[in-house]
2 protein chains.
Amino acid sequence: MRLSPVLAAALAGALAAPNALAAQAAAGDPIRVRYQAVADRIIAEATRDSSAWQRLARMVDTFGHRLSGSTSLEQAIDWVLAEMRRDGLENVRGEPVMVPRWVRGSESAELVSPRPQRLPMLGLGGSVGTPRGGITAEVLVVSSFAELQARAAEARGKIVLFDVPFTGYGQTVQYRAGGPSAAARAGAVACLIRSVAAYSIRSPHTGALRYDSTVQQIPAAALAAEDAMMLRRMQERGDRVVVRLTMEARTLPDAPSRNVVAEIVGSERPGEVVVVGGHIDSWDVGQGAMDDGGGVVAAWEALRVIQRLGLRPRRTVRVAGWTNEENGLRGGNAYRDAHAAELDSHVLAIETDGGVFRPLGYGFTGSDSAMAIVRQVGSLLQSIGADSIARGGGGADIGPLMQRGVPGMGLIVDGARYFWFHHSDGDTVDKLDPREMAQCVATLAVMAYVVADLPGPLPRAAVATR
Amino acid sequence: MRLSPVLAAALAGALAAPNALAAQAAAGDPIRVRYQAVADRIIAEATRDSSAWQRLARMVDTFGHRLSGSTSLEQAIDWVLAEMRRDGLENVRGEPVMVPRWVRGSESAELVSPRPQRLPMLGLGGSVGTPRGGITAEVLVVSSFAELQARAAEARGKIVLFDVPFTGYGQTVQYRAGGPSAAARAGAVACLIRSVAAYSIRSPHTGALRYDSTVQQIPAAALAAEDAMMLRRMQERGDRVVVRLTMEARTLPDAPSRNVVAEIVGSERPGEVVVVGGHIDSWDVGQGAMDDGGGVVAAWEALRVIQRLGLRPRRTVRVAGWTNEENGLRGGNAYRDAHAAELDSHVLAIETDGGVFRPLGYGFTGSDSAMAIVRQVGSLLQSIGADSIARGGGGADIGPLMQRGVPGMGLIVDGARYFWFHHSDGDTVDKLDPREMAQCVATLAVMAYVVADLPGPLPRAAVATR
C-alpha cells in the first residue's frame with residue numbers, strides 16, 4: 001500500500017505522540033490499513049438508499065418546526081425516542097432540560113409613509129413585544145454601528161433600521177444580535193434589521209437577539225432585504241419613512257424539554273464515549289430541516305448504519321439530539337452537567353449543524369497528536385471526498401464539553417446555499433439532497449465508529465509535532 | 001475596413017433584396033461603416049451612469065405593483081406621462097384602453113389534515129373565489145395531466161394539486177393555464193398548482209389561468225414548491241391530506257387604462273415608425289420591476305439617450321408602455337387598433353419583457369433580407385456583447401402588430417434568475433443591476449435609432465437569400 005501524503009504526515013504526527021496508538025502506528029499498523037475495509041462497508045451501507053432523508057422528511061412533515069417550549073418539539077422528541085427504541089438502539093432516553101419559552105404571537109410591519117404597504121417581517125427571537133396598538137414611528141436607516149453612532153442625535157424616538165448587506169454570517173449577524181440594544185442606547189423605540197441572509201425572494205429570516213442588560217429592551221424584527229433596501233432608497237430621496245410595528249412577542253416561564261440520547265454500548269470500554277449529534281430544536285419557521293433536523297437524523301442514522309452492519313466498537317458511540325440550541329444552549333449545558341462525571345471519558349464530541357449538504361470533512365479542535373490521528377481517520381473518507389480535516393471546529397452544543405477539554409469536531413459541508421434558507425420559512429427538507437445526506441451519514445459513522453474503536457483514546461494533551 | 005463574416009453574410013443577403021438599402025449596401029456603404037461611430041456615442045451615453053435604474057426604482061418604490069384596473073397602475077401612468085413631458089419627448093399621450101379588472105381580495109390556504117399549518121399561496125389571476133367559508137376538501141396530488149386522467153375517478157369532489165417540477169416556463173406554465181379546467185373536468189372542486197418557478201424560499205408565484213368555456217370555473221391558486229412537494233410526500237405515506245382554500249377573488253367590470261406613448265419625431269419620414277416598449281402593468285405582487293417596469297423604463301430611457309445626444313433619425317422612434325399585458329393583452333390589441341392606419345408604416349416593433357438583465361442581443365421575426373440588415377445593426381453592439389441576432393422573437397404586446405406583418409423583435413437577456421422572482425413578491429428593483437440595465441438601454445437605443453435612420457425601411461416581403 002502506498003502512503004498518501006496526508007497519511008504520511010499524520011503518521012509522522014502519531015510517531016511523536018507518546019501513546020499506545022502512536023506506537024502501534026509506528027509498528028506498521030496505520031489506521032488506514034486497519035479500518036479502510038470496514039469504512040468502505042459503512043460508506044456502502046449508508047449510501048445504499050435515501051432512508052436517512054426519508055426519515056427526516058417524515059419527522060419534519062409530521063411535526064414541523066420545533067421551537068423550545070413548543071408542543072411540536074416535545075412531540076418530535078417523543079417520536080424520535082420511540083423510533084430509536086424500535087430501532088433497537090441502547091440506553092434510549094430523554095434527559096431533562098428546562099428551556100426558555102419565547103412566543104412570537106401575532107406580528108406585522110406596515111409602511112405608513114410615503115405609501116401604505118405591508119412589509120413581510122419576522123420578530124427576532126427573544127424580542128419583547130410592542131404595546132397593543134403597535135409602535136408607529138419615523139424610521140432612521142443606517143448602514144453600520146458607526147453610522148448609528150454618528151447619527152445618534154437623529155435616532156431618538158425613531159425606529160432604527162440596520163440595512164447591512166450580507167457579507168458573511170459572522171460579520172453580519174452582529175447586527176441581529178447587538179443591533180437592538182445599540183438602537184435602544186441611541187434612544188430608538190424599536191429596531192429593524194435587514195435579514196441576515198445571502199439571498200432573498202422577499203424572505204424575512206429570524207434568529208436570536210441579545211439584549212444588553214444596561215439599556216431598555218425594545219422590540220426588534222427582521223425585514224426582507226428587499227424592503228430594507230427600499231426604505232433606504234426612500235430615505236435617500238428625502239421621503240419621510242414611517243413604519244408601524246406590531247408584535248405580541250413575549251417570554252413565558254421556562255418549560256420542560258429533553259436532550260435525546262441513545263447508544264451503541266462499547267464492547268471493551270463502555271464507559272468511554274464518542275458522542276455525535278445535532279440539535280433537535282429549531283426556530284418557529286419553515287421545518288427546521290436544514291437547521292438542524294438533518295443533523296440530528298444524520299447522527300442517529302450513523303448509529304443505525306453501525307448497528308445494521310453488526311459492528312460494535314470498543315467504546316460507546318452515543319447520539320445526542322440537543323435541545324434549545326437556537327435560543328439558550330440549555331441542552332448543551334445540561335448535557336455537560338448531567339454527564340459531568342464522565343467528561344474525562346468523552347473521547348470525542350462531533351456536531352453537525354451546518355446542514356447535511358455534500359460533506360467535505362471536519363474541523364477539529366484538539367491536541368496536535370489527536371489531530372494527526374483524526375487526519376488518518378479522515379483519509380478513510382477519500383472515496384466520497386469527505387477527507388479534509390481542518391484545524392479548528394466544533395459546534396455550539398458541544399462547546400460546553402470542549403471547554404472542559406473534550407476534543408471537538410464539526411462536520412464541514414458545502415454550505416453555498418445554507419444562508420439562503422437559514423432561519424426562514426424556506427428551511428424545508430427539499431433543500432437537502434438524499435444522496436448528500438447519506439454521504440453525511442457515512443462521514444459521521446466512519447469517524448464515530450473508528451475513533452470509538454481505536455486501541456487508545458485520542459490524546460488530550462497538546463503535543464507539538466513540528 | 002475588414003468585413004466581419006456576419007457583415008459579409010448580411011451584405012450578401014442585402015444584395016439579394018430588391019430595395020434601395022440593399023443597393024446602397026452593395027455600393028460599399030455598409031451599416032457598420034455608416035453607424036458605428038454614432039452607436040458608440042449612444043452606448044457611451046447610455047452606460048455613463050445608473051439613471052435608468054434610478055428612474056425605475058423611483059417608479060416602483062413610489063407606486064408599487066400595477067395590476068390592470070388598480071389605482072397604482074393609473075397613478076404610475078400619470079407619473080410617467082408627466083415625466084416624459086418634462087423630459088421634452090414629443091407627442092406624449094395616454095391612449096385609452098378598457099382593461100379587465102380582477103381583484104384578489106383576502107385569500108388563504110391551510111393544511112387541515114394530517115396537521116394544521118398555514119400554506120403560503122397566491123390565487124391565480126382570473127380565478128373565481130370560493131364560497132365565504134372557503135372550500136375544505138381532500139387533496140389529490142398528481143404530477144401531470146396524464147396522471148390526472150388516469151386517476152380521474154379519484155378527483156371528484158376533491159382539490160386537485162398539480163405538483164409539477166419546473167422544467168422550463170413554456171412546459172410548466174401549461175399547468176397554471178390549463179390545470180384548473182382540467183381539474184374541473186374531472187369533477188374537482190378547486191385546483192392548486194405548484195408555483196411555476198425555478199427556485200423558492202417558500203415563495204408562491206401567481207400568473208393567469210385560462211378557463212375552458214365548456215367546464216365549470218373552479219377556484220385556483222399556487223402553492224410554494226416546498227408545500228406542493230410536502231403534500232405529495234404526505235399522500236405517498238398514506239396520510240389523508242385535507243386543505244381549506246379561501247379566496248375572495250372576483251372579476252369586476254372593465255376599467256379604463258392607457259397605453260403610454262411618446263416620440264422623437266422623424267426628420268424625413270415622420271409617418272414611418274420604429275416602436276420600442278414593454279408593458280407598464282404587472283401582477284399585484286412585488287414591485288413588477290423585472291416584469292416589466294424595467295422594460296418600459298429602459299425603452300423610455302433609450303429615447304432619452306437619443307434625445308440627449310441631439311440625434312433625430314429619419315423616421316419616428318416611439319416608446320410604448322402597453323397596459324394589461326399580464327391578464328388580457330388589451331393594450332397590445334388597442335395599440336394595433338388605434339394605429340391601424342399606420343401599421344404599414346411601422347418599420348419595426350421591439351419589445352423587452354424578459355427582465356433588463358445583461359443584454360445578449362435580439363430575436364427577430366421578419367423577412368430574410370430584413371434579417372440580414374438587422375444583423376448588421378446588431379453588430380454595432382459588439383462592444384457590449386449584445387450583438388447576437390437570432391431567428392424568431394418578438395413579444396406578447398407586439399404580437400398583434402406582427403400578425404399584421406410588422407417585423408418584430410424581442411430583446412434577449414441573460415435570464416438565468418428571471419423565473420426565480422417572476423410573478424412573485426420578490427420581483428423588486430434590487431434584482432436588476434444598474435449597469436446591466438444601462439446596457440439594455442444602449443441596446444434598445446442603437447437598434448431603434450439605426451433602423452429608424454436607415455435610408456430605406458426594413459423589407460417586409462420575405463426574400464430567400466439561399
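Here is a short chat about pockets, cores and domains in a predicted model.

Visitor: What volume does the second largest pocket have?
Guide: About 600 Å³.

Visitor: And which residues are closest to its centre?
Guide: Among the 30 lining residues, those are B:Tyr169, B:Glu325, B:Asp353, B:Tyr418 and B:His422.

Visitor: Which helices and strands of chain B supply at least two residues of that lining?
Guide: Three to look at there: α8 (169-185), β16 (408-413) and α14 (418-421).

Visitor: How many of the lining residues are nonpolar, polar or charged?
Guide: The lining of this second largest pocket has 11 nonpolar, 12 polar and seven charged residues.

Visitor: Which domains of chain B does the lining draw on?
Guide: Domain 1 (5-101 + 254-453) and domain 2 (105-248) of chain B each give at least three residues to the lining.

Visitor: Switching to chain A, how far apart are the centres of its domain 1 and domain 2?
Guide: Taken over C-alpha atoms, they're separated by 36 Å. Domain 1 of chain A runs 5-102 + 254-453, and domain 2 is 105-248.

Visitor: How many residues are in contact between those two?
Guide: 10 residues from domain 1 of chain A contact 17 from domain 2 of chain A.

Visitor: OK, new topic. Which residues have the most contacts inside the largest nonpolar core?
Guide: That core has 174 residues, and the ones with the most contacts inside it are A:Leu348, A:Ile350, A:Leu458, B:Ile350 and B:Leu458. There's also a second, separate core of 29 residues, including B:Val139 and B:Leu223.

Visitor: What does A:Leu348 touch?
Guide: Leaving out residues up to four places away in sequence, A:Leu348 touches A:Phe364, A:Met409 and A:Leu458, among others.

How values were computed. Residues numbered from 1 in each chain as written. Chains lettered and ligands numbered in written order. Predicted model: local features only at pLDDT ≥ 70, side-chain atom pairs only at ≥ 80, totals over all residues. Heavy atoms only, no water. 1 Å grid on protein atoms, 1.4 Å probe; cavity = no way out; pocket = protein on both sides within 12 Å on 5 of 7 lines; lining within 4 Å. Points joined across faces, edges and corners; volume = space filled by probe spheres on them. Helix = DSSP H or I, 4+ residues; strand = E, 2+ residues; numbered from the N terminus. Nonpolar A, V, L, I, M, F, W, Y, C, P; charged D, E, K, R; others polar. Domains from an automatic or database assignment. Core = buried A, V, L, I, M, F, W, Y, C linked by side-chain atoms within 4.5 Å. Buried < 20%, exposed > 50% of the residue type's maximum accessible area, 1.4 Å probe, protein only. Contact = heavy atoms within 4.5 Å.
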